[in-house]
Amino acid sequence: MWLYSAVLLLWAGPVGCTEQANTSNLFEWTAVDFYDKLHAGQLMFLYFEHEVSPTISLFLLELERSSEILKDYGVLVGKINCNRETVSSYCTKEHSSNTAFLFRSGKEFLSFNLDTVFDINSIVSEVLFAILRDEVQYVHTDADLLALEKRARGKMDLVLGHVSSLGTQEHRSLMETAYVYGATYKFILITGGPVLRHLGVDESSPSSKVWFLHCRLQLKSKTNERCPLTLMRKHLTTLNLHAFLQLMEAPLVSEAYVDPASVPHKPVPQVFLFSHPATEQLDLATATALAWKLRGLAVLVLVHRRSPAVKTPVDYNIAYRLAEMKSEVKYLTLQNLDEVVNIFIHQEKDDDGDDDDDDDEAEMDENIKGDVSEGELDDEIAEAVYKNRADLLDSEALTSLTSDNYRATVAQSDLTVVLFYVKWNAVSVAFLSSFLEVAEKLTDLEVNDVQMSAVDCGEWTDLCAGLTHSTFQPVTAFPTVLLLRPEEAAQEYRGMLGSEALLHFIMLSRSVTPKQLSTTEDLTSFLKEVPHSEVAGSDVDRVLGVFPTNTDASLKEFSAAMKTLRGKVLSGSLTDKPAIKWAADHSVEPPAVAVFPSWQPGNHPSVISAWSSAEELISRVTVALRRPMPEVTVESLPSFLEEDKALLLLFVGDEEDDVGRRQNTALVGEMRRVVESGEERMQGYAAGWIHLGRTPAAMSVLGSYLGSMPLLPALVLTHLPSGSEVYQYPPDAPILAHSVLQWLRRVEEGREPPAGSLEEDRWRLASNFHDFLRIMDEEDPDFARQQVSREEGDGSVLEKDSSSADPRTHMHSEL
């Protein structure tokens with residue numbers, strides 16, 4: 001069995017030659033091919049190509065390379081060109097070109113955003129993860145792991161894998177191994193959280209690890225609920241994991257009656273312990289104890305000297321043989337059996353060191369050649385940096401800004417969108433590719449009133465620091481996107497760093513803000529139509545200002561507020577007779593602002609009246625646009641935190657059945673009643689709920705709030721304006737609207753003890769910060785002095801001390 005498994009793993013391994021196979025003839029499908037295979041119930045991973053961009057081209061290359069790999073696992077891979085073929089359900093405007101689909105049993109099984117399947121490793125790992133969802137379980141808490149251990153006790157061993165993130169080479173290795181061994185072991189996947197703390201691993205450690213939990217032979221015990229575990233000490237690769245599982249399958253102690261050299265060689269390290277007839281029972285106990293220490297490193301064989309076939313001199317009490325086929329048996333005389341363990345631990349470190357050295361040498365060679373083969377980089381950001389290492393601004397759709405052309409470029413366009421980046425920042429370079437994709441999309445749409453530009457702040461530091469102009473504040477965080485308009489203050493884009501979100505924001509920013517509505521027809525069009533809906537989407541929030549005259553004093557604050565909200569909402573102003581008529585029909589007293597959230601069906605707006613400033617109106621519009629109790633995800637987090645309020649967060653776990661889903665739905669509904677019944681009292685809170693199954697990163701957030709992972713559901717109040725205290729709703733109390741409001745009142749009155757604290761020392765740097773510039777100043781005080789240019793007619797050189805200079809030119813910034 002193990003030989004068959006090894007062959008399959010080697011064939012599907014990440015460095016196999018199959019990745020280079022030319023499958024182009026089989027890669028592109030027709031609509032007929034698709035329907036034939038769909039009706040046959042075959043497993044298919046498909047991409048429906050609408051248009052080709054640089055990002056899509058890279059994805060298609062990786063998709064084609066993965067086709068031969070996934071074929072070994074019974075998955076057919078292909079693409080369908082929607083410009084030549086018609087698949088009615090998928091070659092339509094409604095389906096995003098940024099999505100790939102997995103089909104199973106004659107129907108769509110799962111869809112993948114291209115951000116999650118960006119290279120061969122992520123494609124293979126994510127597809128196998130989806131197929132093996134019953135064999136590989138994702139756990140979030142130590143309680144979940146304990147429950148699995150209890151169910152597996154006496155039945156099956158567990159393989160627990162930790163990967164820093166999904167879609168990596170390590171994730172792929174784990175999924176490929178799970179495909180082969182899934183019937184033998186139960187595989188468990190974690191990406192961090194409290195489970196790592198139980199295993200004694202620092203959560204900040206980026207390395208991937210695997211543990212083998214010995215549950216099959218572990219009987220129920222009142223003293224120990226946990227299964228014994230063994231750590232795989234080698235790097236997580238497919239071959240290392242296969243060898244590790246072979247060690248786990250081997251008996252804890254084997255017995256032999258011949259010399260070690262005559263014991264059959266196995267592809268795992270072997271340790272031989274010699275037993276004497278007079279001490280056989282003691283030797284067996286010693287061998288068992290040593291075998292547990294060597295678990296995962298080597299197998300142990302107890303050699304009985306009472307056998308006449310054993311000729312090894314009695315001076316030796318230990319022997320060992322490495323896994324290599326030509327390895328010879330080495331004989332030792334040791335006083336302490338722990339020395340045996342140290343031999344293999346040092347051997348592991350040497351092997352890892354050799355691997356690292358080989359990698360370093362290979363990297364140096366490849367840098368000299370300037371030709372790195374595809375697929376070697378297993379990190380998404382690193383991959384993006386490598387693939388975009390050439391001149392990324394070599395595109396007619398993008399203008400490279402400098403200190404010389406900045407003013408002229410901004411002045412000649414109604415809207416200039418500028419990306420500020422630095423080449424040494426991986427996130428900047430990765431986002432630059434998405435930014436370029438948006439620029440090319442705008443060109444294809446023939447959008448002529450938007451100028452897409454980028455500036456390298458590593459080269460044009462004066463421009464980014466605001467020394468050559470006064471149109472925006474110095475840029476010190478990268479990447480940053482600013483929207484610039486002539487004679488207006490700059491607007492910063494604070495959304496997700498993706499092409500779709502940025503394109504949506506830019507398209508809405510092009511609209512006149514606020515749009516003047518003169519007739520009832522204008523109003524109807526404003527409330528129903530969406531400019532460029534094929535790009536901006538149909539989910540657009542609208543804000544309508546209703547004023548009795550076009551000279552109303554509050555119209556100025558409304559216009560200023562809507563300019564700030566450009567890109568997020570469509571805004572319009574209705575004045576004079578149409579405004580008075582609309583207000584009468586809706587029982588509204590003008591001036592007023594009507595907010596139409598996209599998530600709220602029908603034309604039943606929230607009405608705002610009597611605001612004192614543009615800032616107050618922005619805050620109230622933002623609150624009106626937010627769902628009463630939204631789900632907080634990675635994508636929605638930026639807008640959720642923008643309100644700068646105390647956070648009231650409900651954390652719920654993953655549902656195993658319909659009962660769990662109904663319970664979570666009831667809890668969210670109860671919290672929605674808290675927001676609605678609290679009315680003005682709840683204005684100071686930003687309330688939301690987080691599903692730990694869909695947003696596992698929030699587990700570490702919850703653990704940091706309370707110091708440990710609590711039982712779910714958990715209701716937490718944090719980020720209060722008054723301090724850093726964290727409050728938890730009583731875990732044993734049911735979450736009911738009136739009870740939660742009473743609890744909030746007790747917190748406000750200081751009658752509720754905090755459950756934790758967000759103290760500053762929790763966020764200390766991992767090592768001390770060394771201000772090297774200050775140290776240099778202390779060593780050489782004159783070093784900080786700078787020379788300024790000669791004044792006309794003055795032959796002397798003036799020196800100015802740094803303490804009296806313009807602070808913008810001498811501050812220690814990222815620039």
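Trainee: Two strands count as paired if DSSP finds at least two bridges between them. With that in mind, what is the strand order in the open sheet of five strands?

Mentor: This is a predicted model, in which local features need pLDDT of at least 70 and side-chain atom pairs count only at pLDDT 80 or more, while totals for chains, interfaces and linings use all residues. Residues are numbered from 1 along each chain as its sequence is written, and side-chain values use heavy atoms, with hydrogens and water left out. The order in the open sheet is 27-26-28-29-30, and the pairing is mixed. The numbers count from the N terminus along DSSP runs, where strands are E runs of at least two residues and helices are H or I runs of at least four.

Trainee: Which strands stand at the edges?

Mentor: Strand 27 (685-691) and strand 30 (756-757) do, and each has a single partner strand, so one side of each is left without a neighbour in the sheet.

Trainee: How do strand 29 and strand 30 run, and how many bridges join them?

Mentor: They run antiparallel, with two bridges joining strand 29 (residues 725-728) to strand 30. Glu725 has Ser757 of strand 30 as its bridge partner.

Trainee: And what does helix 23 touch when it packs on the sheet?

Mentor: Helix 23 (residues 658-678) touches strand 26 (646-652), strand 27 and strand 28 (714-718), where contact means heavy atoms within 4.5 Å. The direction of helix 23 makes about 160 degrees with that of strand 26; axes are lines fitted to C-alpha atoms, for helices over the stretch in contact, and angles run from 0 to 180 degrees between N-to-C directions. Helix 24 (residues 698-706) also packs on the sheet, touching strand 26, strand 27, strand 28, strand 29 and strand 30, at about 120 degrees to the direction of strand 26.

Trainee: Switching to helix pairs, at what angle do helix 19 and helix 21 pack?

Mentor: Helix 19 (residues 554-564) and helix 21 (residues 614-625) pack at about 55 degrees, and their axes are 8 Å apart. That angle makes helix 19 oblique to helix 21, given that angles under 35 degrees count as roughly parallel, over 145 as roughly antiparallel, 65 to 115 as roughly perpendicular and the rest as oblique.

Trainee: Which residues meet there?

Mentor: From helix 19 there are Glu557, Phe558, Ala560, Ala561, Met562 and Thr564, and these meet Ala614, Leu617, Ile618 and Val621 in helix 21. By class, this contact has eight nonpolar, one polar and one charged residues, with Ala, Val, Leu, Ile, Met, Phe, Trp, Tyr, Cys and Pro taken as nonpolar, Asp, Glu, Lys and Arg as charged, and the others, Gly among them, as polar.

Trainee: What about helix 5 and helix 7, where do they stand in angle and axis distance?

Mentor: The axes of helix 5 (residues 120-131) and helix 7 (residues 169-181) come within 8 Å and cross at roughly 40 degrees, and the two helices are therefore oblique to each other. The contact of helix 5 with helix 7 has six nonpolar, four polar and two charged residues.

Trainee: New topic: how many disulfides does the structure hold?

Mentor: There are three, a disulfide being a pair of cysteine sulfur atoms within 2.5 Å. One of them links Cys82 and Cys91, with their sulfur atoms 1.9 Å apart, and this link is left-handed, with -70 degrees about the S-S bond.
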